Amino acid sequence: MRCRCREKRRLLEMSFSQRTLLLVGAVILVAIAGIWSGEPLAGAWRWPAALLLLTMVWERYRLPRDFRIDRAIAPSLALGRPAGYRLIVVNNGRRRVLLDYQPDYPAALVGDSSLRRFRVASAETLDNEISLTPVKLGTTRLGPFYIRVLGRYGLIWWSRRIDDRLEVVVEPDYLDRSALLRGLGGGGKRKSLDKPGTGYELLTLRDYRHGDSLHGVDWKATARRRQPMVRVFNQEQRLETAILVDCGRGGDIHYQLLDRLHHYVNVAARLSDYAVANGDQVAAVAYAANIVDRTAMAGGTAALQRIRKLLAGLSPLDQESNPLAMALALARQLRHRSLVVFLTEMEHANASGQLLQAVQLLAGKHHVLVASIEDDDVGSIVKQPAEHWMGPYRNLAALEYLRGRELTRAKLLRSGVSVVTASARAVDHEVLQLYRQLRERSAV
């Protein structure tokens, strides 16, 4: 996506350069000297002042126009993933151009807004990469930018605001291709498990080993080889995963650049990528006081696209989350034993009580995983000495917060639920790691 911006006949703002300030100071000194010395030097300052003003007018008339600024950016960016856009400055004039560039990003983008100065020689093209990070989902503009150009004689910076209306779509994050390939059984196919005994497809025969079931012994092959032989079957592993994303008011709490909900959106998107790449079926449910949106349990690229569309439309709601009502509806939907992943908070007392009831309802038939983000700042508050009269109260509040989380975590673990609590940077890695372990052990 590219937008071209040229100098046009528009109102320009101006600011004096350091050279102009020095010249004005010199004119003032000439005027003071004329006042002290009297006639005929009393009005001598008028000539350099008039010359300076005429030079400014001529500089404005001769302002460089044979240059352009292009900004190029990908049509879509991944939420929370550092990206960048290209700033291309082309000088088609005969003289060197000295200009400053400063962007003004909207709230959905966080980037470097520092002033950049470019010296572009005649017939030269400069190509620069400027970094930014998208922090909100949806379609957003790259934002306007400001340029100022130094005049031909270096007297005035002529500046103006340019809005190129360049738009970009911010989507949920994705897994890198290398991470996807590491999770596949080979060649992008569904992972399979080779076991002796009964199965779906006969793979090979091998010697009997201690611990193998007698049901897997191939008696004909044993008679021919005159030693015990067992049949090895290729049994496909297919896992159904339901990802539940909490969209309640707690999702508006910020960790680093993203709020909690957007961190959960990225975890859900990456987990969906990984599951679909392994040939598994996935469903996504967004809930707050009630179910906000949901997708049916399915696999393949079409299912992944539906999940990403659901995730891309989520935003924190001003409602208390009710995981119990959502779990009742989900229990009727899931017909087979599945992996149920809760992406939710654990520190709120009411929410943790309903969460415990919800997971107990589902844990009888399904394997439940609860993932939550830890606030590193709260842990650092506990360790800080009290340097203010409010310090002890902050420490007590932080201790109560941590105590509530640990209590909820202990109750969940006693209910037979897998629990992942990690920082915002590590929670997705921990969830994927546990998913991979459960799948390899056929624990679901």
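Q: Contact here means heavy atoms within 4.5 Å. Going by that, which residues does Val217 touch, leaving out those up to four places away in sequence?

A: Keep in mind that this is a predicted model. Val217 touches Tyr208, Thr222, Met229, Val230 and Arg231, once residues up to four places away in sequence are left out.

Q: And where is Val217 found?

A: In the loop between β15 (201-207) and α4 (219-225).

Q: Is Val217 buried or exposed?

A: Buried. Its relative accessibility is 5%, and the cut-off for buried is under 20%.

Q: Val230 was on that list of contacts. How many residues apart along the chain are Val217 and Val230?

A: They're 13 residues apart, and their C-alpha atoms are separated by 4.2 Å.

Q: OK, zooming out. How many helices and strands are there in the protein chain?

A: There are 11 helices and 24 strands.

Q: What share of the 444 residues is buried?

A: Buried residues make up 46% of the chain.

Q: What about contacts between residues at least 6 apart in sequence: what share of them join residues at least 24 apart?

A: That's 75% of them.

Q: Let's do helix packing. At what angle do α1 and α2 pack?

A: Helix α1 (residues 18-37) and helix α2 (residues 46-61) pack at about 160°, and their axes are 9 Å apart. That angle makes α1 roughly antiparallel to α2.

Q: Is the crossing of α1 and α2 left-handed or right-handed?

A: Left-handed. On the α1 side the contact is made by Thr20, Leu23, Val24 and Val27, and on the α2 side by Pro48, Ala49, Leu52 and Met56.

Q: How do those residues divide by class?

A: The contact of α1 with α2 has 7 nonpolar residues, 1 polar and no charged.

Q: Moving on to α5. At what angle does it pack with α6?

A: About 180°, where α6 is residues 300-312, and the two axes are 10 Å apart. That makes α5 roughly antiparallel to α6.

Q: Which residues meet between α5 and α6?

A: From α5 you have Val265, Ala268, Ala269, Ser272, Asp273 and Val276, and they meet Gly300, Thr301, Leu304, Ile307, Arg308 and Leu311 in α6. By class, the contact of α5 with α6 has 7 nonpolar, 3 polar and 2 charged residues.

Q: And how does α5 pack with α11: parallel or antiparallel?

A: Helix α5 (residues 260-277) and helix α11 (residues 427-440) pack at about 30°, with axes 10 Å apart. That makes α5 roughly parallel to α11. The crossing of the α5 and α11 pair is right-handed.

Q: Which residues meet there, in α5 and in α11?

A: In α5, Val267, Arg270, Leu271, Tyr274 and Ala275. They meet Val427, Asp428, Val431, Leu432, Tyr435 and Arg436 in α11. By class, the contact of α5 with α11 has 8 nonpolar, no polar and 3 charged residues.

Q: Where is Leu343 found, and is it buried or exposed?

A: Leu343 is found in strand β22 (residues 339-343). It's buried, with a relative accessible area of 1%. The C-alpha atoms of Leu343 and Val245 are separated by 5.1 Å, though the two are 98 residues apart along the chain.

Q: Switching to α7: which of its residues are buried?

A: In helix α7 (residues 323-333), they're Pro323, Met326, Ala327, Ala329 and Leu330. These residues cover an arc of only 165° around the axis, which puts them on the same side of α7.

Key: Residues numbered from 1 in each chain as written. Predicted model: local features only at pLDDT ≥ 70, side-chain atom pairs only at ≥ 80, totals over all residues. Heavy atoms only, no water. Axes fitted to C-alpha atoms, helices over the stretch in contact; angles between N-to-C directions. Helix = DSSP H or I, 4+ residues; strand = E, 2+ residues; numbered from the N terminus. Parallel < 35°, antiparallel > 145°, perpendicular 65-115°, else oblique. Left-handed = near helix turned anticlockwise from the far one by under 90°. Nonpolar A, V, L, I, M, F, W, Y, C, P; charged D, E, K, R; others polar. Buried < 20%, exposed > 50% of the residue type's maximum accessible area, 1.4 Å probe, protein only. Arc of directions from axis to C-beta.
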